[in-house]
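Thanks for coming, everyone. I would like to walk through one model this morning, so please have the sequence and the coordinates open while I talk.

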Amino acid sequence: MPSIVRIASVALLAGALARGASAQSRPVDVRLHEGTNIAAALSPDGRTIAFDLVGRIWTMPASGGTATVLTDLLAEARQPAWSPDGARIVFQSYKDGTWHIWSIARDGSDLRQHTSGMYDEREPDYTGDGARIVFSSDRSGNYDIWSLELATGALTQLTTDPADDAAPAVNRATGQVAFLSMRAAGRGIWVREADGTQALWAASPGVPKSPSWSPDGTRIAYNDYVTGDARLMVVTRGGTPAAVSPAGSDPFPFRAAWTSNAELLYTGDGKVRRVSATGGAATDVPFEGRVQFTRTTYTKRGRDFDGIKPSKAYGIVGPALSPDGQAIVFGALGDLWLLKGGALTQLTRDPAVQFDPAWSPDGRQLVYVSDKSGTMELWLRDMAAGTERALTTTVGGAGLPAFSPDGRDVYFHVQRALGTEIQAVNVASGAIRPVKTGLFLPSRVAFSPDGRTLAVTALHPFSGRYREGRNELLFFDAEGKGDRWAVLPSGRGVSTRGNDGPAWSPDGKRIAYILDGLLWTVPVSPTGELLGPPTRHTSALANVPSWAGDGRTLLYQVTDGLRTVDVATGATAKLDVPLTWKRSNPTRTVVVHAGRLWDGVAESARENMDVVVKGHRILRVAPHSAALHKDSVVDASAYTVIPGLADAHAHEGFGVGEGLGRTWLSFGITTIRDPASEPYQMRERREAVEAGVRVGPRALSTGRIFDGERIYYNFNNAMTPGAGLAQELERAAQLDFSLIKTYVRLPDALQARIVEVAHANGIPVSSHEIYPAVAIGMDHTEHISGTSRRGYSPKMSQLSRSYGDLVELLTASGMSITPTVALQGGFNLAVSRNMALLDDPRLLIAYGPDYVTGLKAAARSTVQTAFTTTPAMVKSLGETVRRVYKGGGLVMAGTDSPIIPFGLGLQVEIQNYVEEAGLTPREALMTATSGFAKIVGLDKDLGTIAPGKLADLIAVEGNPLVTITDSKRVAVVVKNGEVYTQAQLRAGAVTPKTR
């Protein structure tokens with residue numbers, strides 16, 4: 001793997017010199033006595049326990065004591081098992097960016113890698129003779145049980161059922177292999193006999209996990225989880241399973257070790273524990289694992305909130321080249337623009353969102369997406385006449401339109417609950433027909449010249465057990481049938497899905513796509529078969545390839561504008577986009593007369609106060625004076641005025657439309673932090689709001705998520721060591737990202753490199769991780785749980801409980817957490833207690849009645865699944881928030897909207913902190929005001945009502961310092977000095993310019 005200096009450009013690292021003088025290092029020394037979702041194994045002689053605390057393999061005496069760490073910081077080593085002779089420990093490791101099987105000598109020497117390649121291998125166990133390792137792998141297209149012969153490296157597939165088989169355990173006396181399976185013939189624990197026959201040993205009503213054999217081979221222990229109840233079970237073949245873990249306890253979902261036929265050693269409740277094989281009280285095996293690392297401070301880059309000079313528009317969205325190659329249309333600053341002959345023409349002029357433009361094959365028409373009618377629909381523009389009409393009127397949520405080659409139909413996407421549906425609308429009649437369902441956020445449709453073959457970049461999962469896969473080319477016919485997947489010659493996936501290809505040349509000879517951030521083409525047949533080696537056309541980051549009709553000219557987007565390339569000659573041309581924007585800060589003076597004022601930090605509110613706002617900042621805060629009221633007055637004398645709220649984890653997007661900004665403001669949210677977005681869409685939204693074209697909260701946003709080779713979301717960027725990394729980080733700096741987010745499949749070594757380069761440029765980094773994230777300098781962790789590459793969370797158990805490792809690492813390190821309790825069951829719990837929450841008319845601003853009806857139907861449903869979060873589980877999440885916050889940890893409130901509703905979700909999150917975590921209303925409010933501002937490094941501008949601060953404040957009915965639910969009773973919002981009433985925000989599109 002290349003060194004940090006080799007993958008980072010000189011320009012990126014230059015900032016480190018200036019910041020280095022102020023950097024300070026702080027040693028952190030934590031002694032851990034609890035672990036969340038740890039796994040343990042007992043040596044054959046019964047004298048030593050191996051376990052995987054914080055993703056490292058440790059050993060300790062079987063009686064407990066001080067643990068010795070065997071594996072390194074970045075190995076991500078999990079689920080140990082001993083060799084029969086006790087000389088080695090085998091485990092799964094993510095050291096090289098894929099789960100593989102490794103082993104190490106019991107003294108920490110002689111580390112060996114046993115498997116490699118693109119497939120995941122997990123949950124290893126030795127055979128009785130020590131000659132083979134049995135494990136689960138997705139190398140056959142789903143998870144099956146495999147065996148590796150150590151002497152030769154030969155692999156043997158032991159199970160082949162279409163269902164996923166996993167977590168094998170070997171009966172070392174007989175060679176039988178127990179494993180979990182979700183087979184149609186029976187869900188539960190299955191056994192493969194030595195002769196290869198397989199049978200169900202114990203059926204499970206829930207989610208079975210991790211079997212292990214008793215020494216005499218007559219019983220199997222396994223974990224079972226059924227809606228809010230986790231148990232360690234023991235069962236004889238065909239018998240009735242019996243729970244042996246204490247009632248109400250929290251056994252972790254890993255292989256238990258039989259110390260004898262009468263006793264089990266297992267992990268749960270944050271501990272290593274022993275329990276009788278017939279049940280009863282459990283006894284703990286105490287341990288201490290010492291973790292040491294250094295946290296280094298750095299200077300976070302500031303944010304310009306005051307400058308009003310014209311700035312270059314970087315938010316160029318979806319540029320599309322006309323068939324004649326003479327014009328380009330794109331979205332920017334809230335509207336569509338036409339660039340032709342160096343001149344720029346504004347095509348639309350309204351507060352609505354317009355994006356995803358596409359030309360008709362003859363260049364006479366343009367289709368695009370807009371919410372100007374109230375919902376996201378397709379609009380058709382006659383380019384000569386300048387007239388427009390709605391092509392669809394009842395779709396809602398339309399996106400990524402593309403004309404068929406004959407110009408008769410427009411194919412587009414609609415996001416549904418079960419995935420993305422591709423539909424086609426006839427341009428003449430408006431008739432809509434379904435084309436294809438079941439894909440998850442695929443790219444825009446591309447066509448062969450005859451229109452008979454369609455292509456998209458789609459997610460191709462490796463198995464049904466986990467959701468991640470690769471972005472691969474998928475070909476099908478015009479009716480959505482005849483699927484054919486194609487792997488690129490590199491053997492890797494397209495970087496992202498959306499507008500980054502495939503783009504099929506009009507002559508049908510080439511398909512363009514983005515790989516490692518660079519523009520490539522590959523020759524294809526008329527039906528899309530890949531015919532030869534690909535050609536790379538750029539050395540700089542490229543996005544949104546778009547063909548001219550000649551099949552030679554490709555338009556693409558770079559960080560600072562647009563380029564074209566002649567794919568035949570390689571000649572490139574830079575296109576100037578003469579578009580600038582100017583920040584629209586108010587200049588007038590406004591006085592907010594507050595009946596009660598809480599400044600964001602004080603223990604209590606002050607009565608009868610004035611907040612004098614000059615322009616977009618607060619001039620002074622003083623006792624009420626009638627003499628001040630010669631200026632414009634906001635009469636909030638009947639209200640409590642508090643700082644504007646911040647949602648620390650919310651995803652913007654064009655798909656909701658202009659009403660999204662008004663929704664956030666109507667719930668009192670004046671700042672959002674978006675940890676995942678398309679980079680140019682992010683810039684467009686920021687520029688449009690700051691220029692006063694659209695109303696919305698201040699956005700602290702990033703671009704695409706940095707992920708590993710396997711991805712899930714369409715905006716996740718599949719990264720490999722060195723591949724485009726330096727350029728991606730340069731783009732982050734140039735587009736002024738407020739943060740960088742790394743995702744679950746990115747290996748820790750690469751995450752460490754990203755943190756170092758990002759910090760050198762003053763950019764914070766966030767992830768879902770806890771360790772080694774705290775040790776490599778990660779700034780934030782998202783969610784108490786959150787998606788994890790392990791298939792389980794290192795921060796939260798099945799019962800939503802977290803233990804000392806999480807709490808102590810957070811409180812000692814200063815790394816902040818956005819818990820998202822509402823996302824993980826808190827919102828549903830609050831609604832179940834008060835259905836009137838869903839009657840809030842503010843939900844209709846962005847969503848409409850159908851969405852609200854669906855929310856109510858889901859809330860009334862009594863159907864429970866294995867993934868239903870119970871009230872007790874939400875209370876456990878709250879307990880984690882309480883322990884972190886009261887222990888001095890840094891907590892900021894966030895939602896992960898739109899998974900839960902925009903705006904209302906944050907209000908419920910804060911409510912959860914009081915009702916489930918036991919924080920005071922003041923403490924809960926600080927997680928979305930002053931606490932948030934300090935964590936993100938903007939406390940000089942945000943978070944409190946004080947002179948010099950940005951004028952973000954809200955007036956609410958009641959007193960949220962006493963009754964937290966009063967915080968959502970928002971009457972008036974002041975954002976950046978602009979005043980909005982609830983009636984204005986709910987009435988329709990409004991901007992500072994239209995008011």
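**Helix α9 and its surroundings**

Let me begin with helix α9, whose buried residues pack against α11 (849–860), α12 (871–886) and α13 (904–915). A contact here means heavy atoms within 4.5 Å, while helices (H or I, at least four residues) and strands (E, at least two) are DSSP runs numbered from the N terminus. Residues are numbered from 1 along each chain as its sequence is written, and side-chain values use heavy atoms, with hydrogens and water left out.

Which residues of α9 are buried? They are Ala822, Gln824, Gly825, Gly826, Phe827, Leu829, Ala830 and Val831, where buried means under 20% relative accessible area, exposed over 50%, and partly exposed in between, with a 1.4 Å probe and protein chains only. Helix α9 (residues 822–833) has twelve residues, yet its end C-alpha atoms are only 14 Å apart, short of the 16 Å that a straight helix would reach at 1.5 Å a residue; the expected span is 1.5 Å times one less than the number of residues.

Turning to another helix, α5 (residues 725–734) has seven of its ten residues buried, and so it is largely enclosed by the rest of the structure. Those buried residues are Leu725, Ala726, Glu728, Leu729, Arg731, Ala732 and Ala733, and just after α5 comes Asp736, which takes a positive phi of about 60°.

Now to the strands, where two count as paired if DSSP finds at least two bridges between them. Strand β39 (residues 419–426) is mostly covered, with seven of its eight residues buried. Strand β39 pairs with β38 (residues 409–416) in the antiparallel sense over eight bridges, and also runs antiparallel to β40 (residues 432–439), to which five bridges join it. The hairpin formed by β39 and β40 has five residues between the strands, and in its turn Gly430 has a positive phi of about 80°.

There is also an open sheet of three strands, in the order β1-β27-β5 and with mixed pairing. Its edge strands are β1 (25–32) and β5 (65–66), each of which pairs on one side only. Strand β5 runs parallel to β27 (residues 287–296), the two being joined by two bridges, and Thr66 stands opposite Glu288 in β27.

Stepping back to the whole chain, there are 16 helices and 69 strands. The radius of gyration is 29 Å, close to the 30 Å that the globule rule gives for 995 residues, so the chain is as compact as a globular protein of that length; the radius is taken over C-alpha atoms, and the rule is 2.2 Å times the number of residues to the power 0.38. Buried residues make up 63% of the 995 residues.

Finally, a word on confidence: pLDDT, the predictor's confidence in each residue from 0 to 100, averages 93 over the chain, and 95% of the residues score at least 70. Over residues 1–21, however, pLDDT stays under 50. Where pLDDT is low, the predicted coordinates should not be read in detail.
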